[in-house]
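Student: I have a structure open on my screen and would like to learn how to read it. Could you walk me through it, one feature at a time?

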Amino acid sequence: MSKEDQRWLAAAASLAARGLPLSRPNPAVGAIIVQAGKVIARGWTRAGGRPHAEAEALAAAGEAARGATLYVTLEPCAHHSQRGPACADLVAKSGLARVVIGCGDPDPRTAGAGIERIRAAGIRAELIPHPACEASLAGYLLRRRANRPHVTLKLATSLDGAIATAAGESQWITGTEARAHVHALRARVDAILVGGATLRADSPRLDVRLAGLADRSPERWVLTRGAAPAGWHALAAPEAVGTAMPEAQYLFVEGGAGAAAAFLAADLVDRLVIYRAPIVIGGGRPCIGDIGLKGLADAHGRWALFDRRQLGNDLLEVYERS
């Protein structure tokens with residue numbers, strides 16, 4: 001892979017984020033058309049899944065697409081739909097000289113067929129696995145491969161790992177910058193979940209309170225074997241998340257300690273997002289309950305640091321499954 005290919009695939013992956021989460025049930029895909037090192041057109045999957053990123057980019061490029069290169073995060077679809085043509089067919093008729101794909105599509109209706117259809121039209125098509133492209137499609141890929149959403153567990157803790165005082169006071173452990181960052185993450189997921197105890201104690205809104213993003217507030221779920229209150233959905237157990245949320249690609253678990261422990265014990269957490277405030281509570285409520293760990297050796301090698309940054313006075317750490 002050339003440096004230019006790496007650069008444009010990474011750019012397409014960043015562009016794809018604009019489609020989250022409104023592209024559901026389709027994946028959020030990014031596409032960029034480049035001619036002589038300059039962007040001719042770009043596109044990302046729109047609300048409801050149509051138009052697809054490639055279709056939007058090609059429509060914007062028009063005749064300028066001839067002889068150009070298309071960088072796309074996911075293999076162009078090969079199956080027909082009543083909602084629009086197959087992207088592989090649009091690409092095949094476009095006059096493009098080259099197509100660079102950052103991730104193959106596990107959907108059996110497309111897997112490999114999209115690339116072959118493009119090549120059959122005389123267009124050079126290359127599948128170059130790219131980490132940023134695959135990461136941008138994490139929810140879609142898990143839904144296809146494991147029939148469940150990608151799960152992020154968020155924790156906001158003191159330096160000594162508490163999420164509340166012994167009396168239960170928890171608002172606010174972290175500062176305004178960290179809380180704004182949480183809202184930005186909420187805006188990119190399909191569903192958000194808390195435990196029953198957290199719902200009863202805090203009555204959380206779990207919406208997105210950032211200007212211009214209120215329409216991206218996720219579905220609200222509570223981990224409970226009982227009924228959910230109005231405006232909420234009930235999840236009986238973490239293991240049921242795939243069938244209970246059949247179209248969700250991204251789930252954000254916000255707490256409390258019981259819900260966090262339940263998802264970790266079920267080995268269903270893909271990303272840890274930890275906001276650590278520079279305070280010591282002492283004797284506070286722990287951020288995670290018992291996860292059934294048998295020995296310390298079993299705790300090692302499971303998480304790798306992905307990102308670390310300062311948000312005001314608080315420290316953000318992001319860990320991915322190893």
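**Reading the model**

Tutor: Happy to. Start with confidence: among the elements of the protein chain, helix 8 (residues 196–202) has the lowest mean pLDDT, 81, while strand 3 has the highest, 98. This is a predicted model, and its chain averages a pLDDT of 93, with 99% of the residues scoring at least 70.

Student: Let's take strand 3, then. How do I read the two faces of a strand, and which residues of strand 3 lie on each side?

Tutor: The general idea is that side chains in a regular strand alternate between the two faces of the sheet. In strand 3, Thr69 and Tyr71 are on one side, Leu70 and Val72 are on the other, and all of them are buried. Both faces of the strand are therefore covered, given that buried means under 20% relative accessible area.

Student: In which sense does strand 3 pair with strand 1, and how does strand 3 run relative to strand 4?

Tutor: With strand 1 the pairing is antiparallel, over four bridges. Strand 3 and strand 4 run parallel and are joined by four bridges.

Student: Next, the nonpolar core. How many residues does the largest one have?

Tutor: As a general idea, nonpolar side chains in soluble globular proteins tend to be buried together. Here the largest nonpolar core has 26 residues, and those with the most contacts inside it are Ile33, Leu70, Val72, Val91, Leu96, Val99 and Ile118. Two or more residues each come from strand 1 (30–35), helix 2 (53–61), strand 3 (69–72), helix 3 (87–92), strand 4 (98–101), helix 4 (113–120) and helix 6 (138–146). Helix 2 gives the most to this core, with four residues.

Student: If I select Val91, which residues is it in contact with?

Tutor: Leaving aside neighbours within four places in sequence, Val91 is in contact with Leu58, Leu70, Leu96, Val99, Ile118 and Ile123. There is also a second, separate core of 23 residues, which includes Leu153, Trp221, Val253 and Leu272.

Student: Back to helix 2 for a moment. How many of its residues are buried?

Tutor: Seven of the nine residues in helix 2 are buried, so the helix is mostly covered, by the under-20% cut-off. They are Ala53, Glu54, Ala55, Glu56, Ala57, Leu58 and Ala61. These buried residues pack against strand 1, strand 2 (38–44), strand 3 and helix 3. Gly62 follows the helix, with a positive phi near 60 degrees.

Student: And what should I look at around Leu153 and Leu272?

Tutor: Look at the strand pairing. Strand 6 (residues 150–157) and strand 12 (residues 271–276) pair in the parallel sense over six bridges, and Leu272 in strand 12 is the bridge partner of Leu153. Strand 12 also pairs with strand 15 (residues 314–321), in the antiparallel sense and over six bridges. There, Tyr275 has Leu316 of strand 15 as its bridge partner.

Student: Which residues of helix 7 are buried, and what covers them?

Tutor: In helix 7 (residues 176–186), the buried residues are Ala178, His181, Val182, His183 and Arg186. What covers them includes strand 6, strand 8 (191–195), strand 11 (250–255), strand 12, strand 14 (303–311) and strand 15.

Student: Now loops. Is Gly19 buried or exposed?

Tutor: Gly19, in the loop between helix 1 (3–16) and strand 1, counts as buried because its relative accessible area is 2%. Gly19 and Thr45 are 26 residues apart along the chain, and their C-alpha atoms are separated by 5.4 Å.

Student: Where is Pro238 found?

Tutor: Pro238 is in the loop between strand 10 (233–235) and helix 9 (241–244). It is buried too, with a relative accessible area of 7%. Beyond four places in sequence, Pro238 touches Leu223, Ala262, Phe263, Ala266 and Leu268.

Key:
Residues numbered from 1 in each chain as written. Predicted model: local features only at pLDDT ≥ 70, side-chain atom pairs only at ≥ 80, totals over all residues. Heavy atoms only, no water. Core = buried A, V, L, I, M, F, W, Y, C linked by side-chain atoms within 4.5 Å. Buried < 20%, exposed > 50% of the residue type's maximum accessible area, 1.4 Å probe, protein only. Contact = heavy atoms within 4.5 Å. pLDDT = per-residue confidence, 0-100. Pairing = 2+ DSSP bridges.
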